[in-house]
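Colleague: I'd like to learn how to read a helix and a single side chain in a model. Can you walk me through it?

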Amino acid sequence: MTGPEDRCRLVLIVPDIADAEEKARIVGDALRGGDVASVIVPQYDLDDTAFQKHAEKLVPVIQAAGAAALIVDNSRVAGRVKADGLHITGNAAALAEAVEKHAPKLIVGGGNAMDRHHALEIGEVQPDYIFFGRLDGDIKPEAHSKNLALGEWWAAMVEIPVLVMGGNDPASALAVAETGVEFVALGRAVFADPAQAASVVASVNAVLDEKAPRFED
């Protein structure tokens, strides 16, 4: 059996849970389910002080599982909690600023690529990865068809790795993988029932192991 590095890998989006301890426990449970490349940590409606407290709980749990902890848009908190990177939700200019300030010390990726033109603008910034979708965009069972098409186009043409937002059904991960992209992001699909999070991660990895296309060296 081959390792997950030669096929699409899972990225998790931390759910909006008010209690920091509970949030860290639920994310830790999910990570016990199997391979996860990275975990994206949004700020949601927390102020910076509260967000830092949440991140202080989450980041060590994420890193202990062998995943990269990526803080959304808040470089101060990312630095204070020794996160692995930043996920930028803004446009190419916002991403360019973050890359200039924080790469290569931190992983810097993301972008708000709604079409090919904006994607190419983001590519010129040379982020560590480009993201197609919205972090809260998993409102339907399947991944958005536009994001699948953009991901497939990008993966065939550009070396910068690509992350595509999946849907709220775990089965959407395979549809994303079949486009040839390197990473699939799941949020509600994993965390809708926290008690099942680890088994969902395990089942998604099993399907990707069995059915996802392999990358050529």
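This is a predicted model: local features need pLDDT of at least 70, side-chain atom pairs count only at pLDDT 80 or more; totals for chains, interfaces and linings use all residues.

Colleague: Is His-54 buried or exposed?

Modeller: Buried means under 20% relative accessible area, exposed over 50%, partly exposed in between (1.4 Å probe, protein chains only). His-54 has 6% relative accessibility, so it counts as buried. You'll find His-54 in helix α2, residues 48–64; helices are DSSP runs (H or I, at least four residues), numbered from the N terminus, as are strands (E, at least two).

Colleague: What does His-54 touch?

Modeller: Contact means heavy atoms within 4.5 Å. Leaving aside neighbours within four places in sequence, His-54 is in contact with residues including Ile-17, Asp-19 and Leu-46.

Colleague: Which residues of α5 are buried?

Modeller: The general idea is that an α-helix has 3.6 residues a turn, so residues three or four places apart point the same way. In α5 (residues 116–124), Ala-119, Ile-122 and Gly-123 are buried. Viewed down the axis of α5, its buried residues fall within an arc of 105 degrees (taken from the directions from the helix axis to the C-beta atoms), so they line one face. Those buried residues pack against α4, β5, β6 and α6.

Conventions:
Residues are numbered from 1 along each chain as its sequence is written. Side-chain values use heavy atoms; hydrogens and water are left out.
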